[in-house]
Amino acid sequence: MKNARLSLDSARVVGSVDDRLFGSFLEHLGRAVYTGIHEPGHPAADAQGFRKDVLALVRELGVPVVRYPGGNFVSGYDWRDGIGPVEKRPRRLEQAWTSVEPNRVGIDEFADWCRKAGTAPMLAVNLGTLGPDEARQEVEYCNHPGGTAWSDLRRANGHPDPHGVKLWCLGNEMDGPWQIGHKTAEEYGRIACETAKTMKWADPSIELVACGSSGRGMATFPDWERIVLEHTYEHVDYISLHTYYGNPKGDVGAFLAESVGMERFIREVGAACDFVKAKKRGTKDVKLSFDEWNVWFHSGEQDRKLERWQEAPPLLEDVYDMTDALVVGTMLNALLRNADRVKVACLAQLVNVIAPIMTRAGGPSWRQTTFWPFALASRYGRGTSLGLALDGPTYDATNHADVPWLDVSAVRDDATGAVSVFAVNRSLDEGIELALDLRGLALADGTPIERTELRSDDLSAVNDEAHPDRVAPATLPSERLDGGRATVRLAPASWNLLRIGGTGEKG
Ligand code: AHR
């Protein structure tokens, strides 16, 4: 048994957690849209063809914002293909994922789906093959009330009220050579600046995300951020970060340590923002939008065998195991610990494509292992992120040194005063006895510490259609505060939620 100590104090805060930290991402890729959220003729489909079983799982997951329609897809996408009568919409060769795009779902349907799912759209504009003109028209179509050509077209297409899209991405991963219309930082910075200006002139209330690096390992990082922000600082509100982790060689210690790199990436991009702010003698802090993050590696081999130019091929259908759920838990902790700077984050993606929710065409839907840490963090991780005084043993992994065996974040619910501690024990074979010193939270003696645990004896355990609940959270016996202190034992290779001072279920 290892030992660790955690002390929390309500006066020691990181910052407020923006609800949009629990966003997700839906791309026209594989079966995310077609047979994912949209499957007319499915027994659970509503009148518009949206699967109600999937809508219920999305609501349960708790995603306040969903980025759409890509991803790499958006860099070759013309949003005008996806509006108007469905039977008149073109079928296109979609080059990002070498598929056929039928355009049965577009911006209007997505806006309707968002309302049904209880979420808000975050739209990316195409800065690969299109530019400022199409982007400003898209804002006019979505957000202008009426009386102009584009807004009246939306009304004629059955949407009298504006979609009110607040958050927009200026392209996607424009630093990547794989991107349709890939650009240098100078080229992208210029077009992003001009696009941002004209989009905000169409609707000054919108917020804009400039493309940062598509990964910390890109050769152009962090000069990319500096140059892009030198061009766009005055006109954008966020810069994006993307990160995916995999474990192809089976080095679990390193895989579980990857979030250390994620946190460094956040600090480094924050530093680039601050550098440009200082250089410009600016007053505004550019915030971070971590709008693609997840585990992604299981599906690589099977995807290479897929035929090109299919409609909704089963691409990127990673089946996640218990280890992946632990990594997702540590990535969520990294986001929460940096909630002062990261204001938007999107788990990539939402349905079927590297997703917490899976469906079978014509069949059921189910929750992957990774659904659980996300859903519980989204449910109990809203409020104020607390600073941690954490003391415990560390290990040297092959990718990072001094990795804490115990990975923690803590959030205070400002309405109730309840505190949620999210804790991952990275050790595969030893439990951790965690001594909690919560005197700084001023909670009454006897306050319960409700416990939820996600673990499995088999780290390779997965949920699938036949066993949808093989990996699911369990409620453990509660502890109680005594003189502001308590001790809890965290099982090896476990994700844990400690709810301190909660009043049971949250509405
Ligand atoms: O999420 C899958 C892909 O990963 C996205 O399309 C792209 O932006 C990233 O490289």
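Of the 507 residues in this protein, 60% count as buried, where buried means under 20% relative accessible area, exposed means over 50% and partly exposed is anything in between, with a 1.4 Å probe and protein chains only. Keep in mind that this is a predicted model, so local features need pLDDT of at least 70 and side-chain atom pairs count only at pLDDT 80 or more, while totals for chains, interfaces and linings use all residues. Residues are numbered from 1 along each chain as its sequence is written, and side-chain values use heavy atoms, with hydrogens and water left out.

Let's start with the overall picture. The protein has 11 helices and 26 strands; these are DSSP runs numbered from the N terminus, with helices being H or I of at least four residues and strands being E of at least two. Its radius of gyration is 23 Å, close to the 23 Å from the globule rule for 507 residues, so the protein is as compact as a globular protein of that length. For the record, that radius is taken over C-alpha atoms, and the rule is 2.2 Å times the number of residues to the power 0.38. The C-alpha trace spans about 65 × 60 × 45 Å along its principal axes.

The domain assignment gives domain 1 (2-10 + 386-500) and domain 2 (18-23 + 68-111 + 119-328 + 344-350), with bounds from an automatic or database domain assignment. Taken over C-alpha atoms, the two domain centres are 33 Å apart. Domain 1 puts 22 residues into the contact and domain 2 puts in 18 residues.

Now zoom in on helix α6 (residues 223-232), where W224, E225, I227, V228, L229 and T232 are buried. Their cover includes α5 (185-202), β9 (207-210), β10 (238-245) and α8 (259-279). Then there's T323, found in helix α10 (residues 322-337). With 6% relative accessibility, T323 counts as buried. Leaving aside residues up to four places away in sequence, T323 touches V252, F255, L256 and L459. T323 and N247 are 76 residues apart in sequence, yet 9.8 Å apart in space, C-alpha to C-alpha.

A search of the whole structure turns up 15 aromatic pairs: rings of Phe, Tyr and Trp (its six-membered ring) pair if their centres lie within 6.5 Å, and planes under 30 degrees apart are stacked, over 60 edge-to-face and the rest tilted. W79 and W150 make a tilted pair, 5.3 Å centre to centre with 55° between the planes. W79 lies in the loop between β4 (65-68) and β5 (92-94) and W150 in helix α4 (residues 149-156), so this pair ties together parts 71 residues apart in sequence. At 2% relative accessibility, W79 counts as buried.

W293 and F374 are stacked, 6.4 Å centre to centre and 25° between the planes. Since W293 lies in strand β11 (residues 287-295) and F374 in helix α11 (residues 371-380), the pair ties together parts 81 residues apart in sequence. Both W293 and F374 are buried, and ring pairs link F22, W293 and F374 into a cluster.

Methods: Contact = heavy atoms within 4.5 Å.
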